[in-house]
Amino acid sequence: MTQPIQQAAVTLAACRSVVALTGAGISVESGIPPFRGKGGLWEKIDPIKYAHIDAYAQDPEAVWRVLFMKLKDVLGKARPNAGHNGLYHLEQMGILKTIITQNIDGLHQQAGSRDVIEFHGTFAFQRCMSCGQKLDSKQVTLETLPPRCACGGVLRPDVIMFGEIIPMHDLQRSQMLAATCDAMLVVGTSATVQPAAYLPVIAKRSGAAIVEINAEPTPLTVDISDVALIGKAGKIMGELVAAVKQVRMETHGANDF
Ligand code: APR
């Protein structure tokens, strides 16, 4: 067990209210590419041309062909990995209370996590741009693109696209959780997209400990993170959960979880 993992485990084991902030990096080991960095989606697809709400309003068919059909494919095949499962275990141990995820893949819920804020929405539902009706994506046929609602309106995935704002309820609840948690576990995000990237700063300024897990350093690593565990989330989360159990065992005896 490395010293930083030990340090992170001691910090988390002493907590009663941990909030996690996750990003694309936690789902990479489930076969979903990240957005940025090597092999990132935005290296191949221009996000302003294909992931901005104005682009969708102008040419929804092109956005479906270039971006959403690809996403539908990789999301359909993806299953939770040790990273998602590790957070579920911390929830079972009564340490982790809520996950704020930037991911639209629903893998935290598939892993069993109960309180998940989908900060950037979800691909599991479509919404009509005319009547606002919400439909389960599984019930939407994609023979013709863009898919249409019964009212004739254009359907769009219920995700937050560039140029759109975060629903007020999710934003306020996430900021409140950041300001009141004991610790924030930040996993697999480049911490470059606002307002999500500011949540660890709110937590830090409110006295919480920040534990970061990421494949490479981020803007949080130097000034905000108290412990930075650099590497693959799946591997590190497995080691971290085992270390937290060990610390709990040593401090409270075998049956304190
Ligand atoms: N384990 C841990 N971290 C990883 C792994 C891995 N296996 N693979 C990649 N990473 C890291 C990368 O080093 C990078 O820092 O995950 C981070 C992913 O960053 P982004 O691709 O920028 O994803 P994210 O931070 O979630 O993006 C935020 O931007 O494009 C929008 O709406 C989209 O929700 C997304 C938002």
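The report that follows takes up the ligand site and then the cysteines.

This is a predicted model, in which local features need pLDDT of at least 70 and side-chain atom pairs count only at pLDDT 80 or more, while totals for chains, interfaces and linings use all residues. Residues are numbered from 1 along each chain as its sequence is written, and side-chain values use heavy atoms, with hydrogens and water left out.

Around the ligand there are 22 residues, and those that come nearest are Phe-35, Arg-36, Thr-189, Ser-190 and Glu-216 (a residue counts as near if one of its heavy atoms lies within 4 Å). By class, this shell holds 9 nonpolar, 9 polar and 4 charged residues. The table lists polar contacts, that is, pairs of N or O atoms within 3.5 Å.

| Residue | Part of the residue | Distance to a ligand oxygen atom |
|---|---|---|
| Ala-24 | polar backbone atom | 2.9 Å |
| Arg-36 | polar side-chain atom | 2.6 Å |
| Glu-216 | side-chain N or O atom | 2.6 Å |

The protein covers 92% of the 740 Å² of accessible area that the ligand has on its own (Shrake-Rupley method, 1.4 Å probe).

Turning to the cysteines, a search of the whole structure finds 0 disulfides, a disulfide being a pair of cysteine sulfur atoms within 2.5 Å. Cys-15 is buried at a relative accessible area of 7%, and Cys-149 is buried at 6%, where buried means under 20% relative accessible area.

How values were computed. Buried < 20%, exposed > 50% of the residue type's maximum accessible area, 1.4 Å probe, protein only. Polar contact = N/O pair within 3.5 Å; in protein donor to acceptor, adjacent residues only side chain to side chain. Nonpolar A, V, L, I, M, F, W, Y, C, P; charged D, E, K, R; others polar.
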